[in-house]
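Here's a quick briefing to read with the model open beside you. It walks through the domains and then some helix packing.

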Amino acid sequence: MADRRSGERQWLVTHADPGESTVSLPPLVEPAAELTVDEIRRYSRHLIIPDVGVEGQKRLKNARVLCVGAGGLGSPALLYLAAAGVGTLGIIDFDTVDESNLQRQVIHGVSDVGRSKAESAAASIREINPLVTVEIHNTALDRDNVREIFSGYDLIVDGTDNFATRYMVNDAAVLLGKPYVWGSIYRFDGQASVFWAEHGPCYRCLYPEPPPPGMVPSCAEGGVLGVLCASIGSIQVNEAIKLLAGIGEPLVGRLMVYDALEMSYRKIKVRKDPNCVLCGENPTVTDLLEDYEDFCGAVSEEAQEAVVDATITAAELKEWQDAGKDIFLVDVREPAEYEIVRIPGSTLIPKGEIISGEALAKLPQDKQIVLHCKSGVRSAEALAALKAAGFRDAVHVQGGVLSWIKQIDPSLPAY
């Protein structure tokens, strides 16, 4: 079982405690003045629920919710927030729709490929519910704009897929006193929680430090079951509705962990850390960090040092192959990725086998080792391990197989 668990899920076990903790909170927003006849017709199935009713629907109408990302989690979240009648929805996403997104990012369609994700998502929302106001932020969220953007919303729904942005979202939300609903997905595993420092822990209480570079693969590296996005995204919307309307017991101080293969849910208690650097009793982080990418470390310092003067381009690799240079080309990705697409002449040796030392005996001593992965991050980590083991002339391919496809053979499938 452990071989298919995400690194993030394994990591959280040491940072959270099993148990049960529930928190009831007052409504996050005031109700709107009234519901129109059209709104009463549209939301009638909400209105006849005693816990929601007209008052709860008025609160949803008056709410302003920002969704960070219009991808795997943002797609179902935005669709159901719109259908639920959240009055104003903000979308921030700087990316464009790619064909590989369509397996899980259901807010986009074939005709949207190449289009701005924020614009595509906004069009889908308007089709579902024209009564919702959509605000588009077609930009990357960064240190310079996050405060200004967040300040215009009551609640944040975090659908990001990288640690640097997750920490920035958390830090900005805590500093602004905003609650946010967090979700994470990987392969068959999902997590969700509500972080609100005024009433419970923040993300840093659960994860005080980001995981070591390379420990937790991204969805682009490890994959994700498309429907898992809907499972976790719908939980996020459920929590958002509860917070906005002041009903039920939101996941404040609790982490929901979902296993799609076992079809099991479990809750883990997350305590507020009195020593948290951000929301603790004596915080030392009182402003946004200067560089979240540096804080999270896209690659380790060892990898950064290893690639200096040991990096070649895909074009250079092709020149070496055409010239018959005596090299040993190693693909450090996983077997499933190797089956999708490969650089001709490569030998599959997953990064983990190189890092552990298990594969060192398989490597020839009389040839120059050339490593590649999908985009260059994993091969840089593997390169550091090889250089430490004495393979001083080893190099890696900048941009990995994606660069090979772009520069050398566009007929190959990208993923």
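Predicted model: local features only at pLDDT ≥ 70, side-chain atom pairs only at ≥ 80, totals over all residues.

Residues are numbered from 1 along each chain as its sequence is written, and side-chain values use heavy atoms, with hydrogens and water left out.

**Domains**

- The protein chain is assigned domain 1 (37–296) and domain 2 (301–408), with bounds from an automatic or database domain assignment.
- Taken over C-alpha atoms, the centres of domain 1 and domain 2 are 36 Å apart.
- UniProt, in an unreviewed entry, lists residues 323–413 as "domain: Rhodanese"; such annotations may be inferred rather than shown by experiment.
- Across residues 323–413 the chain is 35% helix and 16% strand, counting DSSP runs (H or I, at least four residues, for helices; E, at least two, for strands).
- The end C-alpha atoms of residues 323–413 sit 26 Å apart.

**α5 with α6**

- Helix α5 (residues 74–84) packs against helix α6 (residues 117–128) at about 30 degrees, axes 9 Å apart; axes are lines fitted to C-alpha atoms over the stretch in contact, and angles run from 0 to 180 degrees between N-to-C directions.
- α5 and α6 are therefore roughly parallel to each other (under 35 degrees counts as roughly parallel, over 145 as roughly antiparallel, 65 to 115 as roughly perpendicular, and the rest as oblique).
- On the α5 side, Leu78, Leu79, Ala82 and Ala83 make the contact, and on the α6 side Ala121, Ile125 and Ile128 do (contact means heavy atoms within 4.5 Å).
- That contact has 7 nonpolar residues, no polar and no charged (Ala, Val, Leu, Ile, Met, Phe, Trp, Tyr, Cys and Pro count as nonpolar, Asp, Glu, Lys and Arg as charged, the others, Gly among them, as polar).

**α5 with α11**

- α5 also packs with helix α11 (residues 226–245), at about 40 degrees with axes 8 Å apart, so α5 and α11 are oblique to each other.
- Pro76, Ala77, Tyr80, Leu81 and Ala84 of α5 meet Cys229, Ala230, Gly233, Val237, Ala240 and Ile241 of α11.
- The contact of α5 with α11 splits into 10 nonpolar, 1 polar and no charged residues.

**α4 with α11**

- Helix α4 (residues 53–62) and α11 cross at roughly 105 degrees, their axes coming within 9 Å, which makes α4 roughly perpendicular to α11.
- Gly56, Arg59 and Leu60 of α4 touch Ile241, Leu244 and Ala245 of α11.
- By class, the contact of α4 with α11 has 4 nonpolar, 1 polar and 1 charged residues.
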